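Hi,

Here is the structure I said I would pass on.

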Amino acid sequence: MTRVAVFPGSFDPMTNAHLDVARRASGLFDRLVIGVLNNPKKEPLFAIGERVALIERCVADLGEHVSVVAFDGLTVDFARAHAAGFIVRGLRAVSDFEAELQMALTNRKLAPAIDTTFLMTALEYGYVSSSLAKEVARFGGDVTPMLPGPVAEALADRLRMTPRV
Ligand code: PNS
């Protein structure tokens, strides 16, 4: 049986915590589709194509069974479109759990055959989030422990172009 999982998120931008989860999931599933949500209601720092391209660079060494795809609409529909039986989400701390449980139970109601699997991020990334990294970078702090190299570079470039975002 082929085990397929989707790993959905906003990834604005991908952090080391996300990458750590993607790496762990890539070892568990036969196919892993990282889904980048194109949410017209949000104003991301990185456009959808930029986020996809950055993630592709970050996960290039994980293998051919890992792909990156933009999506909109429901995560369960995205999972079904890729014949995925699993949704992967990362947990950093207990504070993530409540919202993740609500999402997982909503998704189960919508698609009972699809299970959400939670993977714990490495301890050293327990504090890392995309929004925190953007804030630190905006004020000139060092984000290299939080972000994969290509993402840290892209963020520095973006903030140089638009210092007030
Ligand atoms: O990286 P994020 O912002 O924590 O990811 C949240 C995401 C994209 C997984 C979630 O917002 C989502 O699944 N959005 C798609 C819409 C959807 O399916 N909503 C119902 C499930 S909560």
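**Around the ligand**

G9, S10, L37, G73, L74, T75, R89, M103 and N107 are the residues around the ligand (near means that a heavy atom of the residue lies within 4 Å of the molecule). Before you go further: this is a predicted model, so local features need pLDDT of at least 70 and side-chain atom pairs count only at pLDDT 80 or more, while totals for chains, interfaces and linings use all residues. Numbering runs from 1 along each chain as its sequence is written, and side-chain values use heavy atoms, with hydrogens and water left out.

By residue type, that shell splits into three nonpolar, five polar and one charged (Ala, Val, Leu, Ile, Met, Phe, Trp, Tyr, Cys and Pro count as nonpolar, Asp, Glu, Lys and Arg as charged, and the others, Gly among them, as polar).

For the side chain of R89, an N or O atom is 2.9 Å from an oxygen of the ligand. The protein covers 71% of the 540 Å² of accessible area that the ligand has on its own (Shrake-Rupley method, 1.4 Å probe).

**Salt bridges**

The count comes to nine, taking a side-chain nitrogen of Lys or Arg within 4 Å of a carboxyl oxygen of Asp or Glu. One of them joins D77 and R80, at 3.0 Å from N to O. Both residues sit in helix α3 (residues 75-81), three residues apart, about one turn of the helix (helices are DSSP runs of H or I, at least four residues, numbered from the N terminus).

Cheers

How values were computed. Polar contact = N/O pair within 3.5 Å; in protein donor to acceptor, adjacent residues only side chain to side chain. Helix = DSSP H or I, 4+ residues; strand = E, 2+ residues; numbered from the N terminus.
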